[in-house]
Amino acid sequence: MSSSKPAILALEDGSIFRGRAFGADATIAGECVFNTSMTGYQEILTDPSYFGQIVTMTAVQIGNYGVNDEDTEAAAPKCSGFVVRELSPVVSNWRSKLSVGDYLRRHGIPGISEVDTRALTKKLRVDGAMKCCLSTLPLADDEAVRRAKSWQDMAGADYVKEVTCQAPYLWRADDAANYNTPYLPVGTTMNAPGVPAKKFRVAAFDYGAKHSIYRKLVHHGFEVQVFPATTTHEQVREQKPDAVFLSNGPGDPAALPYIHQTVTALLPDYPIFGICLGHQMLTHALGGTTFKLKFGHRGGNQPVKNLETGKVSITAQNHGFATDPKSLEKRGAKVTEINLNDQTVEGLRHTKLPIFSVQYHPEAAPGPNDADPLFVDFYKMVEARKAGKV
Amino acid sequence: MPKRTDLKSILIIGAGPIVIGQACEFDYSGTQACKALREEGYKVILVNSNPATIMTDPEFADVTYIEPLTIEFLEKIIAIERPSALLPTLGGQTALNLAMELNKAGILTKYGVEMIGAKPDAINKGEDRELFKQCMLRIGLDVAKSRTVKSMAEALAAAEMLGVFPLIIRPSFTLGGSGGGIAYNKEEFERIVANGLDLSPVHEVLVEECLLGWKEYEMEVMRDHKDQCVVICSIENFDPMGVHTGDSITVAPAMTLTDKEFQVMRDASFAVIREIGVETGGSNIQFSIDPQTGRQVVIEMNPRVSRSSALASKATGFPIAKIAAKLAVGYTLDELRNDITRLTPASFEPTIDYVVTKIPRFTFEKFPDADATLTSAMKSVGEAMAIGRTFKESMQKCLRSLEIGARGFGGGGKHGGDEAFEEEVLNNKLGTPNAERIFYLRHAFRAGYTVEQIFDLTKIDPWFLVQLREIWEMEEVLRKQTLASIETDAFRRAKQFGFSDAQLAHFFQSDMTTVRAARKQRGIETTYRLVDTCAAEFEAFTPYYYSSYGDENEVMKPSGKKKIMILGGGPNRIGQGIEFDYCCVHASFALREIGYESVMVNSNPETVSTDYDTSDRLYFEPLTLEDVLEIYQQEKCDGAIVQFGGQTPLNLASALKKNGVNVIGTSPESIEIAEDRKLFVAVLNKLGLRQPDNRIALSEAEALTSAAEIGYPVLVRPSFVLGGRGMFILYSEDDLKAVVRQVFDVMPGKPVLIDKFLEDAIELDVDCISDGETSVVGGMLEHIEFAGVHSGDAAMVMPPHTLSPAMLTAVRTATYALARELKVVGLMNVQFAIKGDDLYVLEVNPRASRTVPFVAKAIGVPLAKLAAKVMTGAKLKDLGFTRELTPKHWCVKEAVFPFVRFPGATIALGPEMRSTGEVMGLDDDLGVAFAKAEAAAKPGLPVAGNVFLSVKDPDKSRAVEIAHALEKLGFTICSTSGTAKVLADAGVTVKRLAKINEGRPNAVDLIKNGQIQMVINTPGGMVPRRDENAIRSAAYAHNVCLMTTITGAAAAVQGIRALMEKHVGVRPIQQYKGNVNVV
C-alpha cells in the first residue's frame, strides 16, 4: 500500500509530478518510459531490458494480484523506478506471495503512485522519452529536475554489461527454480508444450535475457547454454553449439561494437535467431544501423504484419530503438515483418543464411503468445541445417 | 483481401422488440452494420418489427421491412428481395435463431441465400451445450461437469452422477437463459428441471456442476477470414458465478488476473472461436475461475455480437459491430482503420487507462409478487456504465448513473443513509444475491464486518471489497471534516474517489451548491479525459470523454460552431427506453444538419446515442445536475435539450435553468405547469377543457371521503409519476381501504391523487409538434383497450379507427390550445379519454413521448428531427411541415411484456406500465395490421384450434359475441363453469373444462399439452384470482396467444378473420412513403 509519504517525479523539461511513495526509500534518475500492457507488471519489473529506465504503467490499477514466485524474468527487478496511478492496498490471487511495494522495497527500488500517468504518458508521447528523477525521499523540486538533467543519457552507453551473466552456465531444464513449466490451470491441457525428443544445443548470448526466452527454448527442444555478452566467437565455437541465440537487453544497440563483431564472425557458420536487442545486434552485425524511436514501443498490443505470409500477429514489445530498413538493403537481409502502427522494422531474415530475428517478443511474458511458432521455426531451421539442407 | 464483389445485397435481421436480455444494444449493432455495409456499396435489406429503433429509420437501409420476425414473413421478404447473403450475427439471439430456422426449413437454399459471418454449423456448435462441451474438451479446455437431459428421469440420474447439490439447471435455446436456476435440494431441482424442460423449445436442459462463488470473466474477441484474432476487451464480474452476467456488476478490464492467467484465457478464447468455427466477426466467451486453485472452465460462447460486445465497444472505443459487418463481407482486420486514432489499423487490441463499471438496473417494484433474488436467469431491464480513472471513481459514478436515488457508495440519498441493520438482515442481504447487495456491503463495513467475513458471505473478490472499503473509510474521514476545515488536497482526493458534491454535502452538512462553489474556489475542477483505444500512445481524433479529477483536461478546442447539449435517458427501465434514445439520436443528427455542434451526454452503453460518431462530442457521464453542469460550462454550450431523454433530463430542467443553463424549447416553467396538478387544472379551466373529477387526499380518511364524493370506480395515484408506478383502479370502498395504506407507504406524507376512473372510455394518445406559432398534430393513436391500461402497455391503432370526425376535430382543437397555452416549442404528448361524447384530458407531457418514433414511421416524417430544429428557432413553415398527415394504411402498436421472467407476477394490463418493448404492424387492412402486430409481439394469432374463454362478469355479453364469431371461424370454444354457462345459454357449443381446483385435466394441463391455441381471460377485481393467473402464466410460458381484455379479444377476432380471408403481404416502409392524407 502506498504510504502517505510524498514522492516526486521530475522530468528534464522541468515538469513535476507529485504522488505517494512506495517501494524503497531512494532517489534515482533514469529514462522515463511508459508501458501500455494491462497485465504483467511483475514481468515488466523483472525484464532486464528496462535497466536504467523508470517505467510508467498506463493501466491504472497496479499490484492487484501481487507478486508470485514463477512469473519472473530475472532473479530481481531490473528497472530503476516504477510509476503508477494507483497501487492496490491488497493482493488478491491464489498464486500471490508478496505485494509489489514489499517486493520493490526488498530490492531497493523506489515507486511513486497517484501520479496522473495519462498526463505523463501524453507528455512522453508528444515530447519523446525523457530523462527523469524519481525520489521517495525529501527532495526539493529544482534539485530533482537538476538530477534528471544531469543523468547520463542512454545514448552511447553500454548497459548490457550491467545485466549480463558473469560466466557461462547451462539453463537447466530440470531445475525447479527455473520455472520451466508453463503456467496452465489445472484441468486445462491446451498449450501444453510437446517437447521434441531430439534436442539441439543453442548458445544463448545473455545481453540481459528474459528467462522466458530460455524457457521457450527449452519447450521447443533446445538445450540452452548461456554465455555472457562479452564472450568471443572463438569461445562459442569451442562449445560446438548447433545454433546461436541473441537475446534481448537494455540500452543503445549502437554502443555495443564488441557484440556486433562477435555476431558478424558467427554469421556464416551457425543458424541464428535474435530477439529485440538481439535483432538489433544482428542488424549491426550485417552492417545495418539502428535509430532511436521517439518514445518506443512498450506494450502487449502491437500489430505486426508478416510480409511473407500477409498475416498479422499481436505482439509484446519493449524497445526504444529500431532497425533502419534502408541500411539493410544490399546487406543480404530483407525485412520480413513490419509494425502496422508506424511501419518500423519488426523482423528480418538473411536471404541466404539460416538467420532471422524479430524486434518484438515471441516469448511474450507479458503479452500475447501469438508469435510462439517462431521458436518452432528456429528449431526447424536448425534441424534442416543439421540435415545439411541449408 | 478486399471486400467480396460476388455479394450484391445483404439481409440483416434485427432483434425485434426490447425484452429482458435483448435491449437497445441490438439497435446499436444493427445500425452500425447497416451503415458499414452501405458504405461499401451493398444493398441492405433490413427486417425488424421494432419501430422505436434507429436502424428502422428509412434512411439506414435500402429496403426496410417493419414486419413480424417469423420465418413465414421472412420467407415472403426473401422471395421478393432475393438477397445474396444473410448476416445473422447482429440481431441478438432472435436473429440467430431465425437464421437457423430459415436454414433448417430449406428457405436459404431455396432462394440461394448465403449465411455470412457465422455458418449454421458454427452457430449450432456454439449454441448446443452438449456439442459445445465436446468441442471444448477436444481442444484441451475444461468445462463444468454436466449432462444434457430430456426428461425428469434422466435429470435425476444426472444429479446422482454429479453427486452434490447445489446444481445448476440451464434450459437449451432460451433467451438470456430464462427458465434456468440453481437447485439446492432435490425438491427444488425437480421444480426447476420441470419448468426448464417446459420452456426449452427443444425440451432439453443441462444439469451442471455448480460453480457458485467462482470468479467470472468475459472475453470479447474478433476474428477475420485470415484467422487473425484479437481480444477487444476483458471483463471481470464483480458478482461471482451464480448471477447471470447481465444481472452482474461488471468491470473492465479484468482486475485480478496475472498476465500468465490472462494470456491462457486469451489463447483459450481464440481456440474456442476457431473450434466453433465463427469465421468472421465478434464472439463473447465466458470463463470461470476457481479462486482457490485457479482451475479455469469455459462457461459458454455467443457466436454473435452481444450485450457485452456493446459494453466492450463503449468501454474501449472499438466499434465491434461495425468491424464485424466489414469482416463478414471479406475485409481483414489489418485492412480496416481504427477510426479513433486514424493512423493505426483495426488489427490491434485496445488498451485502456481507466476503469469501466457496469451496473444493471432492475424493476422488481413493478412485479411485487416475483422473486427478487438474482440467479442465472436474467431479470434486469437496463444498465448504466461509468468510466473513471480508478475503480473507485468509476463505481461511484456508475451508482449515481443508475438513477435509483443513490448518490454513490454512501453519502446520503437512497441506500446511502446511516441506518443500522441487524446482523441477520445483513447476512441475508450479503449471502443471497440481490439488486441492493452493493449497498449492503457498505452497511456491513459500518457494522464492523471484516473483508474476510464479507468475502465468506458474498464470494466477491477481496480486491473489490477492499476498494469499496477504502471508499467507506474515506467517508468516515470526510464526516469528521467540514467544508471550512477540509484541506484542498483531501478535497481533491475525495473527488478522485468519485464522491459527488451531493455526497460531500451530506458529510459536511452543507448543500450541493455550496460544496460546488467551495470546490471551484479551491480550484478543484473536473477534467475530461479521452477514450482513445490506446492509453494515449497515439493521438485520438474522436471527442469521446469521461470526467475525472486529474492534472490535465483534454477537452478539444471549440470549432467556432454553436454547441447544443442533448441529455440522454440514462439506463433503460420500464417506461423509459429505446424510444427516448431514438429521439436523442435524431436531435443530434438534426443539429449537425443545420450547422450546430451536438454534445451528447448519456450513461447507457447499449445505445446508439453513445456511439462515438452519433454526435460531435460524446460525454459518457451520469445524468445528474453536477455532472451535466460541469460539461455544459466547460464546453460553453449555447443551449441544452432536455425534452428528448424522457423523465431523466426533464427532472433536471428547472435546476439546470436556475444554474444558468439555456434550456431550449419548451421552458422549464411550462414543464412544471404540466406536471403540477394545481397549475395544470388552472390551464384546463382557462381553456375550457375537462379532466376526470379528482381530489387530493393527504390521509386515509380523506381518501375515503373523496372517493365517495367522486363515485367509484376511482384511479388512485401519487403526484409525480414515472411509468405509472403506484397506480390503482378501485371499484369499491373495500378495495380502496386495502390499497390506500400501501400507497401512503410508497410516498409517505405526499399527497395522493384520486381521480374518477372513466370505465369503458376510449383512450387516445396525441403527439404534437409546435414552434410557438404553428402547431401540427403528428399522430393520433387510439387505444384498443379501454381506458385504465397504461398507454405504454396498450395496443394502439393509428389513425383512430372508431372515433367520429367531429370528435377528432375536438381533439385537435384541444391539442392546439394546450400547445399554445403551454408555449410548447418542440414536442408535446397529450392523453385524452373519450366517454360517449365527452372529451377528457388525462395528461399532458411537454416532451418527446414513447410514441414519437412510431408516429414518425407511420407518417414518414422525422418528427424528432423537426422538433430539435424548431427548438433552435427554426419555423415549421420553413421546414415544410405545417399540415397534419394521417396514414392511408393502418399502423398498429402492440406491447411486449417480461412476465415470463418473473414467475408468480400478476399477468394483467393495468395503469402501471410493465411492458419492456413494442412492435408495429403495418397493412392496408386493419385486421391484418393487428394480426401482424400480434405475430411480431409473439406468439401471434391462431387460425384454427381451441380457444379457452373465461371472462369477468361485465365482459360476459361481449364474450358471447366473440365466442360466436370464433365458432363461425372454425374454432372450438372451451371454458369453465361461469363463462361456459353464459355461452351455452347463448347457443355457443362449449367444451367444459375443470377449474384448477376442480380436478384434472384442467385448462393449464391443456395449455401445456398444446391443446389450447388461444386464451381469452379478463381478470376481475383488484387482486386477480390465483388460478386465473396460473392459466395466464401457463399461456405465457407456452407461447399461447393470450388476450386479457375484452376489447383486445374483439380485435383478435378481427385479426384472425383477416388472416383467414385476406392476403397477408409484406411491404417495405420506403414504399409507404407519401401514403398519407393531408388533414
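Helices (H or I, at least four residues) and strands (E, at least two) are DSSP runs, numbered from the N terminus. This is a predicted model, where local features need pLDDT of at least 70, side-chain atom pairs count only at pLDDT 80 or more, and totals for chains, interfaces and linings use all residues. Residues are numbered from 1 along each chain as its sequence is written, while chains are lettered from A and ligands numbered from 1 in the order in which they are written.

Start by selecting B:Asp760, in the loop between β27 (752-756) and β28 (762-771) of chain B. Its phi is near 60°, positive although the residue isn't glycine. Buried or exposed, then, is B:Asp760? It counts as exposed, with 12 C-beta neighbours inside 10 Å (the scale: exposed at 12 or fewer other C-beta atoms within 10 Å, buried at 20 or more, partly exposed in between, with C-beta atoms placed from the backbone).

Hop over to A:Tyr179, in the loop between β10 (169-171) and β11 (200-206) of chain A. Here phi is near 45°, again positive in a non-glycine residue, and A:Tyr179 is partly exposed, with 16 other C-beta atoms within 10 Å.

Back in chain B, pick B:Tyr712 and B:Pro713: the peptide bond joining them is cis, omega near 0°. B:Pro713 sits in the loop between α25 (700-710) and β25 (714-718). For another cis bond, go to B:Arg1000 and B:Pro1001, with omega near -10°. B:Pro1001 belongs to the loop between β38 (990-992) and α34 (1003-1008). For context, most peptide bonds are trans, and most residues other than glycine have a negative phi.
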